[in-house]
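I opened my notebook to look up a few things in this structure. Here is what I went through, entry by entry.

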Amino acid sequence: MKAQTEAQYAVHFANRELVRRDWRDPVYVAARQALESVNVDLYKAKWQLGRMDGTYADFALPLDPADNLAATCEVFQSIVEAANRIADACRNDEVVAASPPAVSRRPGTETNFSDDIPLVPAICPVVVLQGSNRDMGRQYAQQVIEIYGNWVFARQAERVLTEAELVEMRKWEAELRRYMPEVLDFVQGWADGATAAGATIAYDNVLAIWTGTRPFSKEIRPFAFADSDKVNDKTIAAYLGVGTEAGQPRGEITDMCSGVCAWGGATTDGKLVAAATTDHDCTFQATIVAFPDQGNNFIYTPFSVKGSIPVIGRDFMGGHPGMNSKGVAYVHHGGASTGEPRDQWGYGVRRGPATFHTLQFANTAVEARDMQLSWPVGDAGITLGTAGGMYADSTHAFSFEARSGSPDKPNPIIREATYDALGKPHDFLYANNNALSPRSAHLNAAPAYGYQYSLAGGWFTFDPKVIYEEPGGIAIRRLLTKESEGRNRFHYRIMMEGYGRVDFDYLTALYRTSGEIPAGDFKDVSARWDAGEQWNCSPAHRSIASTFVIRPDAENTGTYQACIGPAERSLNCRDPGHGYYYYDETNAFWELTLAASPEEVSALARNKAKAHVEAATEALRGFDGCQSGRAELQRLLRSAEVELTEAGGHQPDQDVSDARLAALARSVRASTRSQVRARQVSEAVTRPKGLDVAKA
């Protein structure tokens, strides 16, 4: 919707003026506080619009556009005006008036609300699970409800499944029972746990989250959007974003995740490091720390606690990244899809269940690769509709772009190294949302006359005539090649420049390094973008939902670092109309260690929080800025101290497993909140650096 796009763009440009300053400047402090109210208003307006156009159908009851659309458009316009006032104040060295947004914590949850609309947490929550898969499913549901409240599963629980849908679900269920029955145990536990917590939901309604309710696709689709196959169904059109007619360029659908990993000769010590972003408007998610009775311990962050992302659609509990206690990492979905011949598309296992299973049971990246090839090609027409992705350990990595022939006569398109112009392999892989293998020219809804190709950028087109000559899912696939090519080149160049000295800090800095967006108003820049113009870009940008850097290890000491939104506030949006901002945005990481037990995870998280609080206290002593900046940083430090105390207060003495795990999870969440608040203080005083990147 144009009004929403213009509002996001205005907020982005206000932020660009803001970040020319820092916490030492009263203009910065006031403008940052003023933007908090604007961010809340923008989020609430998007929520209301999503209830009208169908994109928030999984989260709230629909609204009638006839009664609400004009009012929502007026809100978007008021956001533009407020953002412009903030930008003008920054340009004119004026302290803008700021009043706090109407936000409050709802009793019985850990979530802020504004006018009964739940706000995305500024710090990614954590759940801690242990036991059988049924135990873990039960604990998962109960801990998620403790964080968000009963509403989070309500829409899915209320959904009435038709006989036709149940018939389809039994087919998907049979595939799970054959290849990964422990997922069905988790599903049953989820239903049990939510029902016991007062949020009654049937087994089949939970199963639908993991499998979907429709036959496998027979056409190219972006995600499992919408409930029906009806022509021009409103919800389908809304999830598609680009409409149902050809030849209609729209700038809104540019969500674009990224992943990169390095090992062997690329890293300082030969061990694996990896980083990834999930790129969309962040929603209600939780990082899972799991200690199953069978298999490996693992950490994994699904895109959503309920397998659905507003605007984008349903994802079957997909997400990234993940890592396990044997040092195996699931880095990213691998970029391209739809490469398998259509006569091989069918029923199989979705990406979410496949990722859970692989992290739990694969002891090496080679085992992970062979697992993926042992499962059917499946629903290859939908993003995350089937198995695959990018996996790695310290000796090997791979990224599937197609699993043709699986499991009978596998002939996959698979990348296991990155090659230079001379054909020499290098120990790193990266992916965005297009195809990179020379064998993948036909992927991503390629036109009959083909895409362009570059060694570092992969298969792509910038031509709007090519992108929009077909409607819906095909247009999205082609648009994603445009969005990905430049980010691929950035990954290639940065990894080559750092080859042999890539480490955890190098990848963290990479995701603090911005690309560009040209000067100009929304209309001008949009016209240039829609015409096919490109500018220097980075995988670090303003449409990031979450940023992760991980260092897996086979000795129960792997590191997992997460940040809601981008890890640097000054990152540019990738293109006009894209730039998500969140209430209480932190731009700071928490860090967990995948230790041998939940108690050790909790203790190490608390120790890390204590160290960050001590560092922040020392940093604040050296702060030489304005009084308002000092007051705000003192507030953040006090919050870090309070959370650290709370973390110590949640040490369990119960013998009951679920209560023990819930208490440990509360302690971990308090520790991670303390870490982030303390890091905000330290990083306000000494701003962390990105990479020195010469523009190409």
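**Entry 1: the largest pocket.** Before sorting a lining by class, I note that Ala, Val, Leu, Ile, Met, Phe, Trp, Tyr, Cys and Pro count as nonpolar, Asp, Glu, Lys and Arg as charged, and the others, Gly among them, as polar. I also remind myself that I am working with a predicted model. With those classes, I find 16 nonpolar, 7 polar and 12 charged residues in the lining of the largest pocket. How much space lies in the largest pocket? I read about 790 Å³. The lining has 35 residues, and Asn112, Tyr583, Asp584, Arg635 and Arg677 are the closest to the centre of the pocket. I then looked for the helices behind this lining: helix 2 (26–53), helix 17 (627–649) and helix 18 (657–685) each supply at least two residues.

**Entry 2: cysteines.** How many disulfides does the count come to? I get 0 disulfides. I checked Cys563, which is in no disulfide: the nearest cysteine sulfur belongs to Cys282 and is 9.7 Å away. Cys563 is buried, because its relative accessibility is 2%.

**Entry 3: Asn432.** I found Asn432 in the loop between strand 18 (428–431) and strand 19 (452–454). Is Asn432 buried or exposed? Its relative accessible area is 0%, so I put Asn432 down as buried. I then listed what its side chain meets. There is a polar contact of 2.7 Å with the side chain of Asn488, and another, at 3.4 Å, with the side chain of His491. Leaving out residues up to four places away in sequence, I see that Asn432 touches Asn488 and His491 as well as others, including Cys257, Ser258, His332, His333 and Pro539.

**Entry 4: helix 5.** Which residues of helix 5 (residues 151–158) are buried? I wrote down Trp151, Val152, Phe153 and Gln156.

Note on methods:
Residues are numbered from 1 along each chain as its sequence is written. This is a predicted model: local features need pLDDT of at least 70, side-chain atom pairs count only at pLDDT 80 or more; totals for chains, interfaces and linings use all residues. Side-chain values use heavy atoms; hydrogens and water are left out. A disulfide is a pair of cysteine sulfur atoms within 2.5 Å. Buried means under 20% relative accessible area, exposed over 50%, partly exposed in between (1.4 Å probe, protein chains only). Helices (H or I, at least four residues) and strands (E, at least two) are DSSP runs, numbered from the N terminus. A polar contact is a pair of N or O atoms within 3.5 Å; within protein, one must be able to donate a hydrogen and the other to accept it, and residues adjacent in sequence count only if both atoms are side-chain atoms. Contact means heavy atoms within 4.5 Å. On a 1 Å grid over the protein atoms alone, a cavity is a set of points where a 1.4 Å probe fits but cannot get out, and a pocket is an open set with protein on both sides within 12 Å along at least five of seven lines; lining residues have an atom within 4 Å of a point. Grid points are joined across faces, edges and corners, and a volume is the space filled by probe spheres set on the points.
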